[in-house]
Amino acid sequence: MVSYMAEKESSLTDIKEIVKLSYLYDFYGPLLKDRNREIFEQYVLNDLSLSEIASEYGITRQGVYDIVKRCSGHLESCEEKLKLFERFQLAKERLGQVERLVRDGSGENREEILDLTHQIYEIL
């Protein structure tokens, strides 16, 4: 049982996964039930252990894990349908390109900047 729980906990130790879930939470967190949102925040955003959260909420470690997993799945599902995070990332990339072109400062970049700004408008 211990190795099973250790294996399950390690799924959220990848920093890229934590960052992605944090962004998804920013976009879709209000769609989670209040108690589930609190538990998800404690585990993903505040980096509390399953045991600490279980003790605080009077549930098992497995119960905490199940809630976090369900919330993660719900956030992923919302993103699959609405694509808000994906569009945010695309707009952010385009703005970075615009910034780079503006810093380069040559007048030749004007058309490229205009094209990128139109792409950003379409994304948003």
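Which residues do ring pairs link into a cluster? Tyr-23, Phe-27, Tyr-28, Phe-85 and Phe-88 are the answer. The views below start with the whole chain and come back to these rings.

This is a predicted model, in which local features need pLDDT of at least 70, side-chain atom pairs count only at pLDDT 80 or more, and totals for chains, interfaces and linings use all residues. Residues are numbered from 1 along each chain as its sequence is written, and side-chain values use heavy atoms, with hydrogens and water left out.

**View 1. The chain has 7 helices and 0 strands.** Helices (H or I, at least four residues) and strands (E, at least two) are DSSP runs, numbered from the N terminus. The order along the sequence is α-α-α-α-α-α-α. Of the 124 residues, 32% count as buried; buried means under 20% relative accessible area, exposed over 50%, and partly exposed in between (1.4 Å probe, protein chains only). Contact means heavy atoms within 4.5 Å. Among contacts with a separation of 6 or more, 58% join residues 24 or more positions apart.

**View 2. Helix 1 (residues 2-10) is where confidence is lowest.** Confidence is given as pLDDT, the predictor's value for each residue, from 0 to 100. Helix 1 has a mean of 42, whereas helix 5 has the highest, at 98. Over residues 1-10, pLDDT stays under 50. The model has 11 contacts beyond four places in sequence for this stretch. Where pLDDT is low, the predicted coordinates should not be read in detail. For the chain, the mean is 87, and 88% of residues reach 70 or more.

**View 3. The largest nonpolar core holds 21 residues.** Such a core is a set of buried Ala, Val, Leu, Ile, Met, Phe, Trp, Tyr and Cys residues joined through side-chain atoms within 4.5 Å. Ile-39, Phe-40, Val-64, Val-68 and Leu-75 touch the most other members. Two or more residues come from each of helix 2 (15-28), helix 3 (34-45), helix 4 (50-57) and helix 5 (61-82). Helix 5 gives the most, with 7 residues. A second, separate core has 7 residues, including Ala-91, Val-98, Leu-116 and Ile-123.

**View 4. Phe-40 and its contacts.** Leaving aside neighbours within four places in sequence, Phe-40 is in contact with Leu-21, Tyr-25, Leu-45, Val-68, Cys-71, Ser-72 and Leu-75. Cys-71 counts as buried because its relative accessible area is 3%. Cys-78 is also buried, at 10% relative accessibility. The chain has 0 disulfides, a disulfide being a pair of cysteine sulfur atoms within 2.5 Å.

**View 5. Tyr-23 pairs with Phe-85 and with Phe-88.** Rings of Phe, Tyr and Trp (its six-membered ring) pair if their centres lie within 6.5 Å; planes under 30 degrees apart count as stacked, over 60 as edge-to-face and the rest as tilted. The count comes to 6 aromatic pairs. Tyr-23 and Phe-85 are tilted, at 5.2 Å centre to centre and 35 degrees between the planes. Tyr-23 sits in helix 2 and Phe-85 in helix 6 (residues 84-104), 62 residues apart. Tyr-23 is partly exposed, because its relative accessibility is 26%. Phe-85 is buried, at 12%. Tyr-23 and Phe-88 are also tilted, at 5.7 Å and 45 degrees. Tyr-23 lies in helix 2 and Phe-88 in helix 6, so this pair ties together parts 65 residues apart in sequence. Phe-88 counts as partly exposed because its relative accessibility is 33%.
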